[in-house]
Structure formats: structure tokens, C-alpha cells
Amino acid sequence: MFKRISLLMVILALVSLVLAACNSSDPEDCSSDEVFCVGLVTDVGEVDDKSFNQSAWEGVQGAEGVDKVEFIETGDAKDYGANIALFAEDGYDVIVTVGFAMGEATAEAAATYPDIDFIGVDQFQGEAIDNVAGLIFNEDKAGFLAGALAAMLSETGTIGAVLGTDLVPPVVAFKEGYEGGARYINPDINLISTYHPGGMDVAFTDPEWGASTAKQALDQGADVIFGAGGKTGNGALGEVAGAEGAYCIGVDTDQWETAPEAHGCLVSSAMKLITPGVQALIAASKAGELPAGNYIGDVGLASFHDFDSEVSQEIKDTLSDLEQQLAAGTLETGYNPGG
Amino acid sequence: MTSTTVTTAEKPSSRISGRTILIALLVAIGIAIVYYYIVDPTATTSVLAGTIRQATPLILGALCGLIGERSGIINIGIEGQMLMAAFVAFMVNVALGPIMPLGLALFLGVVSGILVGALMGGFLAWMSVTLKLDQIIGGTVINILALGLTSYFYVIGLTTRGKLPTFALGPLADIPLIGPVLFNRSPIQYLAIILVFVVQFALFRTVWGLRTRSVGEHPSAADTVGISVKMTRYMNVIIAGCFAGLAGAYLTLESVGTFERGMTNGRGFIALAVMIFGRWTPLGSWGAALLFGFATALKTQLDFMGLNVPPQLTGSMPYILTIVVLAGFAGRARPPAAVGQPYESE
């Protein structure tokens, strides 16, 4: 009896070995010229973070003409380079790296592997590298639309913004755009906005400050508040959700998905459209025409979700009109980082 | 005999000059508040309401720090205690929310936060009293442990179904200025103010307070008259943990309504500065916490008014004032004599 079981085990083991061997002769061998592979390295965090990582990953999955996609979740910022190298050594054709923080590691890898195309989400390219495309965004345009929406929704004539830190240029762009958009609709609007007093290390992870500050703005009559600053901004959104008759606007991605505590007020979000940007760049790479340097992705407002009925058709028409003008370049947001 | 010596040694603020300065300062603050209230009632009220709110976790943290230090245990793990309690209180609320009324779930969340704070306090006491470990290292262990555990077990996208609500205290809330600032708050904010006076009384007017201070100032003398130094320190650090736990529960269940990694954001350390600024007394610490809270609310207000004061400047104001106070304003700031020293009975 015992012998029989042993024999069975041995056979099973052998069969599984053979099967494994079959499996390893992969029809999707990335080093082959016919097979087009795309790998994504996340910033610290998970691929299903409902934010940057997830948006980029959806872009990779949705790209056309790709034979194989794979991702690696970065657990520690020290592993950026090693994770990129895992894909590069496997002969991947395109490697997508997510987040401003990975810019340096991406540039280094690009120099080591000149035959691989790199797409850096949110990575501004100071000097163009032939095989790197930085996917960046005009945050001021998204902010402009958010500000216009806020000004049209406001009944008190006071709107606020609770922001991360002005040490980060995209945050400043969001703010300036927001104020420009609000003034475009109503030149006399009362704008109250504030940055977190702390440095980079704390400015985006302080929901308690965001909440207290949003309350201070609400107390002074603000009835629409733009929360732009990671978890700090989310704190503000959560506070506004508890207030009667006030709206809030999220940032970066559709925060209806990321900040459930804000469902009571979240009318929209000023979004960076990472998914279509990543798709477009992968398609360009496939065609052998990766745009070196900076590639400016689209921005826009998220859907109104539960507040769809509260936003009038007139407001929606104005917003789409503004969006077209911004895209065509006939309308300036008033944000000018150079001067 | 020992008791009287300790009591007088503990009250340097009873010097006439210090008290006069304090009263003058309070009168000046009062006049300033009334003046600004006449100029702009809405802004003044909201800044002061913001001050009370921002001060809440700081004063609770400072009470945690000073109850421990008064008995001779330095606690730099307040940050970790708060963070851990914030996390557990939040998770308990999320877990219990669907199966019981919201009020009860919130209450149990707060209670579990307090218990976790106490538990971490017990851990610190065990390290510093029983193991006689360096107390700074013990506190650091707690901070790292809390950051690691909460980050690991945190699940994105969870939220409470509600927060502890504000409730107005009847007609008191209708008093102009004072009403909305002091009598229209949420439960833990009221509790924090009450606890300041309770701890002040307990520390200077009860047997427990006397024993605590004697253990913190001169443990061998306390031991001689039959006070168990170990027991007192254990008890105090555990009670102190409850305060940090309450501060943590305040962050998730009353103020923000959700948990984020590292959301205490250094408040546990600012609480230590608040405690030193308040010269290891609850009332003094409350004043210091209000000053820190005011600085934050004022900075926001200056931004609202479009005055481009660099945030780093206004943000550093409380710390500059802390240094001014430490440098000798209104008496000397002196820690309990035996703080940080493990006690060895002879």
C-alpha cells in the first residue's frame, strides 16, 4: 500500500516536471523580435491603489498590439533600479515607470538599456533622452476647469482650496489654474486658499490639518472646496462631506473611487488622464516612434457621479466649451511658471 | 515632611513676577480677541474654533507625556501610541459599524483606541521599569513598531460610516464668540478640556499626584516612605497611554473619519514640546497647545486673506516661542529630577 502511494507520488512529480518544462518553452518570449512585451514598475505601493499606479496599469493593459503585459510592485524606493532591471533582462520592449520619484532610476536604466523604450509617468524630462518619454500634464488646465465649476456652483460667492505644499510645482499649477478658472467665471469671487505649512515630508500626509483647515474655510462661508494634496486634501474632502450644502472637488484621479468618505460632497475631480496617455505612448513605441522628451497628456474633469442632477446643463455646456478652448490653446489659465 | 518639600519645589510659577506677567499676557490676549471680533467676527470666531480643534490632539499628547515624566519615565513614543490607537479605533469602528448602531460602534472604537494606548504604555513601562532599558530607545521602539504595523495592516479605501458629531451645549452655544468657540464642539474636544483640569487637580491635590511627583523627583525617598516606585511608574505610564490613545481615536473617529499611513504626522513630538513649554503642568501645557493651534489657524487665515507670508515662517513661530520660553521667560523650565533614570532599590 505504502509503496503504491510512493510510486504514485513519483509519477506525479515526474509529470509535473514535464509539464513545467513544457510551460517554460514560452510562446511569449519577450526577447524575440515578434513578441511585443510591456512591463510596468509601480511607485511604492500596490498596482490596485485606485490612483497613479492603477491608472498607468490600466493604460498598459488597454494598449493595442501588445502580446504580453506584466507588472512589478515596488515595496521600497531603494528597489526602483532592480525592478526595472528585472524587465530589462527579460528583454521587454517597453518599460513603464510610475511616479516622479522614479525619474532618476528610469534615466539610469535608459542609458544601460538603449534598445528598450521607457515611459515615465509624471517624470518631467529636463534634457530629452532618446529612449525615454516623460508623460506629464498641464495641471493648471485641470485646475482651471475645477475653478470654473466651483465658481458656477457657489451660492455664497466664496470658494476655497486646501493644498499640499507650494514646494511641488504641480500643486501650484493646480492652485493657480483653479483661481484663474474661478475668476474667469466670476471676477469678484472671494477665493480663500492655503498651503500646508510643513515640508515635503508631511504636507501630503496630514488629513487632520486638511480637515481642520477645510472647517475654517467653511466657517467663513466657502461652499465649494478644492482639496489638492494627497491625503491632506482627502482630509479636507471628508470634512466638507459632513457640512450641509457644500461641495468639494478632488484631484489627480477620479476620487469618487479613492475617497469614499467624500461621497457626501464630491461633485467632480480635476484629473490627469494617465490611462490614455500611457496607451498612446505604448502605441507610439510599437510604431517605433517614441517621442523623446516630454509628452503632454490630457487633463479633464471626472464625471459628476451622484451630483449629476445638481449640475445644470448650462454649467456642463460651459465646461465643455472651456475644455475645448483650453485644449485648442485659445484660452490661457493665467499660470505662468516662468514668470 | 517630604510631601511639603516636594509640593513647594513643584510650584515655581507661584512667584509673583511670573504670575503678574501671565495675567498681563492673558488680559492682552483677551483685548486682542475682542478687538478682532469687532473688526471681523466671522474670521475671528473661525480662527479661534480652529485653534481649539488643532490643539486637541496636542494637549492630549502633552498630558500623556507629563503624567509619565512626572513619575520619572520619558515617553517619546507618544507619536506611536497615537498612531496605533488611531488605527485600531478606526478598524474596530469599521468592523463593528455594519452590525450595531453607529453611536455604539464609535464609542467602542474610542474605547479600543484608549485600551491600545494603555497597552502600548504598559509595553513602554515594561521596557523602562522592568527591563531598565534606555527610555529613549523604548519610545523609539514604540514609534517604529506602530508605523510598521499600521502601514502593513492598513487597507486602502475603508471609511467609517460617520464621525463623532459636534453638539452645542444648549444656550451656552448662543453666546457670541465664546459660544461657537467653546460650547459647540465634538465629544473628545470637550473631554480634552475637562481632562486638563482633572489632571491639574489630580497632580497637585491628590495622594496619587503627590506620590507621582515624589517618585519622579526623588524615588529613593519615596521608596523609603513605602511608595512602590515600580508600581507607581507602571500605573502612570499606562494611564498616560490612555490619553495618547484618546488623541489617536480623536484623529480617526472625530476629526478625519478615515485612517491614513503616518497620519499623526509628528503631533506626538509636538506634544512633547507643548509639555516642556507648559513646564510639565497640565494648565501650562494647555496654554502651549492653544498657542500651537493658534499659530496653525492664523497661518491659514493669513493665506485666506491673500497675505503671502512664507508658510515656513508662520509654521516655525510656535517653535521659536518655545525656545523663548525655555530661555527663561517667566521662570525656569525644569524637568522632574529623576526623569529618565531607572530606579534601583537598595
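Trainee: How are α4(B) and α11(B) oriented to each other, roughly parallel or oblique?
Mentor: Please keep in mind that this is a predicted model. In chain B, α4(B) and helix α11 (residues 229-256) pack at an angle of about 55°, with their axes 7 Å apart. Angles under 35 degrees count as roughly parallel and 65 to 115 as roughly perpendicular, and α4(B) and α11(B) are therefore oblique to each other.

Trainee: And in which hand does α4(B) pass α11(B), left or right?
Mentor: The crossing of these two helices, α4(B) and α11(B), is right-handed.

Trainee: Which residues of α4(B) and α11(B) make the contact?
Mentor: On α4(B), the contact residues are Ile78(B), Gln81(B), Met82(B), Leu83(B), Met84(B), Ala85(B), Ala86(B), Ala89(B), Phe90(B) and Asn93(B). Those on α11(B) include Gly241(B), Ala244(B), Gly245(B) and Leu253(B).

Trainee: What classes do the residues in the contact of α4(B) with α11(B) fall into?
Mentor: There are 13 nonpolar and 6 polar residues in the contact of α4(B) with α11(B), and no charged ones.

Trainee: Now to α12(B). At what angle do α4(B) and α12(B) pack?
Mentor: Helix α4 (residues 78-96) of chain B packs with helix α12 (residues 267-277) of chain B at about 135°, and their axes are 7 Å apart. Angles over 145 count as roughly antiparallel, and α4(B) and α12(B) are therefore oblique to each other. The crossing of α4(B) and α12(B) is right-handed.

Trainee: Which residues of α4(B) and α12(B) are involved there?
Mentor: Ile78(B), Glu79(B) and Met82(B) of α4(B) meet Arg267(B), Gly268(B), Phe269(B), Ala271(B) and Leu272(B) of α12(B). By class, the contact of α4(B) with α12(B) has 5 nonpolar, 1 polar and 2 charged residues.

Trainee: Let us change topic. How many residues of chain A are in contact with chain B?
Mentor: On chain A there are 26 such residues, in contact with 31 residues of chain B.

Trainee: Which element gives the largest share of the side of chain A that touches chain B?
Mentor: That is α8(A), with 8 residues. The elements β7 (190-195), α8 (207-219) and α9 (230-241) of chain A each supply at least two residues of this side. The side of chain A that touches chain B divides into 7 nonpolar, 11 polar and 8 charged residues.

Trainee: Last one: into which domains is chain A divided?
Mentor: The domain assignment gives domain 1 (37-123 + 275-297) and domain 2 (139-271 + 304-328) for chain A. The C-alpha centres of domain 1 and domain 2 of chain A lie 30 Å apart.

Notes: Residues are numbered from 1 along each chain as its sequence is written. Chains are lettered from A and ligands numbered from 1 in the order in which they are written. This is a predicted model: local features need pLDDT of at least 70, side-chain atom pairs count only at pLDDT 80 or more; totals for chains, interfaces and linings use all residues. Axes are lines fitted to C-alpha atoms, for helices over the stretch in contact, and angles run from 0 to 180 degrees between N-to-C directions. Helices (H or I, at least four residues) and strands (E, at least two) are DSSP runs, numbered from the N terminus. A crossing is left-handed if the near helix is turned anticlockwise from the far one by less than a right angle, and right-handed if clockwise. Two residues are in contact if their C-beta atoms, placed from the backbone, lie within 7 Å. Ala, Val, Leu, Ile, Met, Phe, Trp, Tyr, Cys and Pro count as nonpolar, Asp, Glu, Lys and Arg as charged, and the others, Gly among them, as polar. Domain bounds come from an automatic or database domain assignment.
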